[in-house]
Amino acid sequence: MATTMKKIFLFVLLGITTFTLLSGSCSAKVYTVGDSDGWIAKEDIFYEWAKGKEFHVGDSLVFNYDPSVNDVTQVPGALEYQFCDTSSPQAVYNTGLDVVTFTEPGYHYFISSNQAQCTMGQRLDVLVVHDPSRPIPPPPPSKILPSGEIYKVGGSKAWSTPEESEYYNKWSEDKLFQVGDNLLFEYDNEVNDVLEISGDLEFITCDPTSPVAVHKTGHDLVKLTKPGVHYFISSKTGHCAAGLKLRVEVGQLIKDVTFPNVPKKIDFSAMDRLTTWLRTFGSQPHH
């Protein structure tokens, strides 16, 4: 069923792309990485796949794979790409059907976090150029939000299985989180991870099957980009059931408060009249 849904999604996605390409030469393109093979470990397949293609700002890559055994890790440079080094990733995707849109020109590097598979050839580097005829897509919200507070989740305990099930609830309850603030998750990434999930039911039942985002570097900085309730759990069901989960309520960014109904100038003449009245009648003896 999941495979069928992926195929339907890809068909609709590519169909929309074909329509936009026919309707205007300036439209962005969507590329399915590896075509029908998808994102797999196979020597030189992605070098051959990318050869001859010209990628532009605004284009997108679709990574199609089995998320139970794989992921897509974007790394910052050629050395990390060459040595399959995932210690400082720019982004990690593992939904099994990831769409990555290029927002800036330059070299972009993608590998599997499974070093054996990466070494076998599951890695892709592409050069993205800026086409002046195409509008540059807006930056993601994290680049335009103000810099807010950074909260180290769990304090000195960091992100680890708590002795008390309500530990993270108590840690967050006295804090006022706002749009633009950041959560810092620190943990041992060999035994743990951080999943952002979408709803209260998934949070209560520790359901990791449909995450909004997955983080597993061991030092994840998550910016809170919109108001509302945000949910984070460990994908390890036992850890989550023991209390390794966090719910935070994020408010709108507080702006300067103004009081439009308060006059900007005080009527001192009225104040003078009141002072005079008090002096005159307030000093009279009471009967």
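The structure is a predicted model, and two disulfides are found in it. We take them in turn before moving to the sheet.

The disulfide between Cys84 and Cys118 has a distance of 2.1 Å from S to S. Because the torsion about the S-S bond of Cys84 and Cys118 is about -85°, this disulfide is left-handed. The pair links distant parts of the chain, 34 residues apart: Cys84 lies in the loop between helix H3 (78–82) and strand S5 (91–93), whereas Cys118 belongs to helix H4, which covers residues 115–120. Both Cys84 and Cys118 are buried.

The other disulfide joins Cys206 to Cys240, with the sulfur atoms 2.2 Å from S to S. The link of Cys206 and Cys240 is left-handed, with -85° about the S-S bond. Here too a loop is connected to a helix, since Cys206 sits in the loop between helix H7 (200–205) and strand S13 (213–215), while Cys240 is found in helix H8 (residues 237–241), and the pair, 34 residues apart, links distant parts of the chain. Are these two cysteines, Cys206 and Cys240, buried or exposed? A residue is called buried when its relative accessible area is under 20%; Cys206 has 7% relative accessibility and therefore counts as buried, and Cys240, at 0% relative accessibility, counts as buried on the basis of that value.

We turn now to the sheet. Three strands form an open sheet with mixed pairing, and their order is S1-S3-S6. Which strands stand at the edges of this sheet? They are strand S1 (30–32) and strand S6 (97–101), and because each has a single partner strand, one side of each is left without a neighbour in the sheet. From one strand to the next, the twist averages 20°.

Strand S3, made up of residues 60–64, is joined to S6 by five bridges, and the two strands run antiparallel.

How values were computed:
Residues are numbered from 1 along each chain as its sequence is written. This is a predicted model: local features need pLDDT of at least 70, side-chain atom pairs count only at pLDDT 80 or more; totals for chains, interfaces and linings use all residues. Side-chain values use heavy atoms; hydrogens and water are left out. Two strands pair if DSSP finds at least two bridges between them. Helices (H or I, at least four residues) and strands (E, at least two) are DSSP runs, numbered from the N terminus. Axes are lines fitted to C-alpha atoms, for helices over the stretch in contact, and angles run from 0 to 180 degrees between N-to-C directions. A disulfide is a pair of cysteine sulfur atoms within 2.5 Å. Buried means under 20% relative accessible area, exposed over 50%, partly exposed in between (1.4 Å probe, protein chains only).
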